Amino acid sequence: MGGMSDYDVIVVGGGPSGAVCARLTAEKGARVLLLDKASFPREKPSRDLCLAGKSRSLMEEMGIISRLESKPHAKVRGIRFTSPGGKIFSQRLPRVESGETHGWGIKSTFLDNILFEHASKTCEFREKTHVVGLLKEGDRVVGVRIADLSTKETKEIRSRIVVGADGISSTVAQQLNANDVVPEHSLSCVRGYYENVQGLTDEAEVHFLSNGTRAQLWITPLENNTCNVGLSVQLADAQKNNIHVPTLFEKILASEPFAARFKDAKLVGNSEMWSHSLASHSRTRAFPGAVLLGSAAGLGESFSGDGLGNHLLSGKLAAETITNALEKNDVSYAMLHEYETILNAHLENDISSAKQLHTLASFAPALDFTFAQAAQKPALRAHLTRAWLNEPKFPSNETVSTTAFLKLLFA
């Protein structure tokens, strides 16, 4: 099987999940080809937030913290939460085992390029290359069909394993019939870069809104008094209430309490709109000869952003399973399903925490009460913040137990 293939692994998509998987797999000796239809560095819409929690621990593990520090960024040392009724609490970021306690407000362009460069040092890569289809033998994926976006030439490349990390509209997922969008488990988002917004601090802001929809406004500080400002709305609510998310976004920024802060603000460039599917929707992410990662696998996070932590984690876990599969010369579903099993075990607590927050967010008075209590109770503040951050060492009994949450709420 190995002799018939051009590569051991083809990774489709050079974003965070694909780059991590390509790097870690190549480090173990696999012949890896990394493909992306874009050219790096690239722009893409996101919340541009690299906080503590899963993201930080995984980037420390990969040894790229110093590269992050060298790029333009803002230090983010806390989070400020606001309920629909204006109840506010702030929490400084949890301590980490090494270094200063902070996250980064850094544009995804910088972060993606750091990860892509990190991967490209260990494997072959081709930019401006679009995967237009999969090669199969029976039900097993054995390679990809590509189109060179510069020359328009098409060709087939064979591999023992194909990794789909090509985003929300993943061609690989579509070819595997695994790209279903469930509105109740998807978010519609819009964001813009602004300068001269009043009241920026070293805290990222999360404002839960009450307008008949489950929506959040975020403000992430970036370098040089700029910030990423955006809105996420559950797709089911947007469809049910016929909401045009960019219009709602503009309306919110023109209304108090935000109007005063944005009266002298300037939009830099254009606002961008995108959507992502949440990890709370159970779906197949492993197939004979193929796995899905990141947004292609529907691994968005409900509250803490696009799902950077989940994306990085999926790249790491997939690399471990792929390395094992190559060593055993077994790329069957039974072998690659191990990635899916381990990933689901990691996601279980995150999803349970998100459900707690979703329950609160769907009933504004409950969120008002909870945030008012959190302002007075350090343990409750820490619980809510760790749940929002998807802390990797969050105790499982504290994460999933509604009883534990209620004890903190009413202690």
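Helices α2 and α9 are oblique to each other; here angles under 35 degrees count as roughly parallel, over 145 as roughly antiparallel, 65 to 115 as roughly perpendicular, and the rest as oblique. You're looking at a predicted model: local features need pLDDT of at least 70, side-chain atom pairs count only at pLDDT 80 or more, and totals for chains, interfaces and linings use all residues. Residues are numbered from 1 along each chain as its sequence is written, and side-chain values use heavy atoms, with hydrogens and water left out. Helices (H or I, at least four residues) and strands (E, at least two) are DSSP runs, numbered from the N terminus.

**How the helices pack on α9**

- The axes of α2 (residues 54–62) and α9 come within 8 Å and cross at roughly 40 degrees; axes are lines fitted to C-alpha atoms, for helices over the stretch in contact, and angles run from 0 to 180 degrees between N-to-C directions.
- That crossing of α2 and α9 is left-handed, the term for a near helix turned anticlockwise from the far one by less than a right angle, with right-handed used if it is clockwise.
- On the α2 side you'll find Lys-54, Ser-55, Leu-58, Met-59, Glu-61 and Met-62, which meet Leu-308, Gly-309, Asn-310, Leu-312, Leu-313 and Lys-316 in α9; contact means heavy atoms within 4.5 Å.
- Helix α1 (residues 16–27) packs against α9 too, at an angle of about 30 degrees and with the axes 8 Å apart.
- α1 and α9 are therefore roughly parallel to each other, and α1 passes α9 in a right-handed crossing.
- Among the α1 residues that meet α9 are Val-20, Cys-21 and Leu-24, and their partners' side includes Ala-318, Ala-319 and Ile-322.

**The nonpolar cores**

- The largest nonpolar core has 68 residues, and Val-144, Val-163, Leu-176, Val-291 and Ile-322 have the most contacts inside it.
- Helix α9 (residues 308–327) gives this core its largest share, nine residues.
- A second, separate core of 22 residues includes Ile-79, Ala-204, Leu-360 and Leu-380.
- A nonpolar core is a set of buried Ala, Val, Leu, Ile, Met, Phe, Trp, Tyr and Cys residues joined through side-chain atoms within 4.5 Å; buried means under 20% relative accessible area, exposed over 50%, and partly exposed in between (1.4 Å probe, protein chains only).
- In soluble globular proteins, nonpolar side chains tend to be buried together.
- Val-163 belongs to strand β11 (residues 154–164) and is buried, with a relative accessible area of 0%.
- Val-12 is 151 residues from Val-163 in sequence, yet their C-alpha atoms are 5.9 Å apart in space.
- Setting aside neighbours within four places in sequence, Val-163 contacts Val-9, Ile-10, Val-11, Val-12, Cys-21, Val-291, Leu-293 and Ile-322.

- In α7 (residues 245–253), the buried residues include Val-245, Leu-248, Phe-249 and Ile-252.
- Glu-250 and Lys-251 are exposed, on the face of α7 turned away from its buried side.

- Most residues other than glycine have a negative phi, and most peptide bonds are trans.
- Glu-256 and Pro-257 are joined by a cis peptide bond, with omega about 10 degrees, and Pro-257 is in the loop between α7 and α8 (259–262).
- Asn-196 isn't a glycine, but its phi is positive, at about 65 degrees.
- Asn-196 sits in the loop between β12 (186–195) and β13 (203–210) and counts as partly exposed, at 35% relative accessibility.
- Asn-329 also has a positive phi, near 55 degrees; its place is the loop between α9 and α10 (333–361), and it is partly exposed at 42%.

**Two serines to look up**

- Ser-186 lies in strand β12 and counts as buried, at 2% relative accessibility.
- Not counting residues up to four places away in sequence, Ser-186 touches Val-181, Val-233, Gln-234, Leu-235, His-276, Ser-277 and Leu-278.
- Ser-210 lies in strand β13 and is exposed, with a relative accessible area of 53%.
- Leaving aside neighbours within four places in sequence, Ser-210 contacts Pro-84 and Ala-364.
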